[in-house]
Amino acid sequence: MEHQLWKAIVAVLATLDKKPKTTRLDYSDERIVQVYYWAVIHDRPTSWACRRENWPPHLRRLPLPSPSRMSRRLRSPSVVALLTCLERRVIVPTEPGLFWVIDGKPLPIGGCSKDRQAGYGRAAGGKAKGYKVHAIVGANGIAAWRVAPMNKDERVMAARLLRAAGIQGYLVADSNYDSNPLHAVCDRLGELQLITRRRYGPGNGTGHRRQSAGRVRSIERVESPFPAFADRLLEDRAAIEREFGNWVNWGGGLTALPAWVRTHRRVHRWVQAKLVLAALKRPREIPTCAA
């Protein structure tokens, strides 16, 4: 399976527009990305992929950068742009959709970790220290995603995702996302309705504060005498749990962060690679990367 994923990454990279290698560089951006993905596929540190003995015999003749060079080049703008282009080519939705689900997936780390950028917040079944992946998922791909410390409010991250996603239709979420500011963001974007149950349960009043038009519509749909349509949307919200399961349910999937993935920059790059690999495990028609 690892070698199949590796060949898929190499094949996609070959189709992307890349910055030509200059004479001052010993390794092209494409080669740097290949070495990095070899480490991620095998759930090993980047330095592990810089040793020839960790490659199959027919690939050992290819040049390998040093760990320090990998660290510098992975931060360079051209390599970051190539990683982003690869991500868009593989996980971007292939066509517009009308049903979207938003949620967060915890990425816990050890409580004794010295990572100052990690946060302590809510995770599955309790609290934990680490990061969280926030994603808007549709039937054809991931419209937008972000990595944030575990203690970052999901509603704040949802507003940021919505501004970048450019989606329309119905956005379904759990009751934690029920807030006037988030409904107001959907109203400003236009043609987007957030559907969620009330945070404190049906039957309670809305208080004396002014309610956004989107929240009023959501309450009317969910708590109307004929809520079949809203109930079906909320039942289909389980689709994102299955999507999160697909990210995890394979060797080297998107699980708890390994010990060598710390700080926001490294976590973001590692999650980006895991999402690309998870999408490649389910082949589909993928669009050309936009310039």
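Asp103 touches Val133, His134, Ala135, Glu154, Asp174, Tyr177, Arg237, Ile240, Glu241 and Phe244, not counting residues up to four places away in sequence. This is a predicted model. Asp103 sits in strand 1, residues 99-109.

**Asp103 and its partner**

- Asp103 has a relative accessible area of 6%, so Asp103 counts as buried.
- One of its contacts, Arg237, also pairs with Asp103 in a side-chain salt bridge at 3.7 Å, N to O.
- This pair links distant parts of the chain, 134 residues apart. Asp103 is in strand 1, and Arg237 is in the loop between helix 8 (228-235) and helix 9 (238-248).

**Strand pairing**

- Strand 1 pairs with strand 5 (residues 169-172) in the parallel sense, over three bridges.
- Val101 has Val172 of strand 5 as its bridge partner.
- Strand 5 also runs parallel to strand 6 (residues 192-195), with four bridges joining the two.
- Strand 2 (residues 119-123) and strand 3 (residues 126-138) pair in the antiparallel sense. Five bridges hold this pairing.
- Gly121 has Ala128 in strand 3 as its bridge partner.
- Strands 2 and 3 form a hairpin with two residues between them. In that turn, Gly125 has a positive phi of about 80°.

**Nonpolar cores**

- In soluble globular proteins, nonpolar side chains tend to be buried together.
- Here the largest nonpolar core has 58 residues. Tyr37, Leu86, Trp145, Trp247 and Val271 have the most contacts inside this core.
- Helix 10 (residues 264-280) gives the most to this core, with 10 residues.
- A second, separate core has 18 residues. Ala173, Tyr177, Cys186 and Leu192 are among them.
- Tyr37 contacts Ile9, Leu83, Leu86, Gln272, Ala273, Val276 and Leu277, leaving aside neighbours within four places in sequence.

**Salt bridges**

- Side chains of opposite charge can pair when their charged atoms come close.
- The count for this model comes to 12 salt bridges.
- Arg73 and Asp29 are both buried.
- Lys274 and Asp43 form another side-chain salt bridge, at 2.8 Å, N to O.
- This second pair links helix 10, which holds Lys274, to the loop between helix 2 and helix 3, which holds Asp43. The two residues are 231 residues apart.
- Lys274 counts as buried because its relative accessibility is 1%.
- Asp43 has a relative accessible area of 23%, so Asp43 is partly exposed.

**Glu87: a buried charge without a salt bridge**

- Glu87 is found in helix 4 (residues 77-91).
- Glu87 is buried yet has no salt bridge. The nearest side chain of opposite charge is Arg88, 6.2 Å away. A salt bridge needs a nitrogen-to-oxygen distance within 4 Å.
- Glu87 does have a polar contact: its side chain joins that of Gln272 at 2.7 Å.
- Beyond residues up to four places away in sequence, Glu87 touches Val92, Trp145, Gln272 and Val276.
- Of these, Trp145 is also listed among the residues with the most contacts inside the largest core.
- Gln272 and Val276 are also contacts of Tyr37.

**Pro63**

- Pro63 is found in the loop between helix 2 (29-41) and helix 3 (67-74).
- Its relative accessibility is 42%, so Pro63 counts as partly exposed.
- Pro63 is in contact with Tyr27, Arg31 and Arg52, leaving aside neighbours within four places in sequence.
- The C-alpha atoms of Pro63 and Pro202 are separated by 63 Å. Along the chain these two residues are 139 residues apart.

Methods: Residues numbered from 1 in each chain as written. Predicted model: local features only at pLDDT ≥ 70, side-chain atom pairs only at ≥ 80, totals over all residues. Heavy atoms only, no water. Pairing = 2+ DSSP bridges. Buried < 20%, exposed > 50% of the residue type's maximum accessible area, 1.4 Å probe, protein only. Lys, Arg positive; Asp, Glu negative; His and termini not counted. Polar contact = N/O pair within 3.5 Å; in protein donor to acceptor, adjacent residues only side chain to side chain. Contact = heavy atoms within 4.5 Å. Core = buried A, V, L, I, M, F, W, Y, C linked by side-chain atoms within 4.5 Å.
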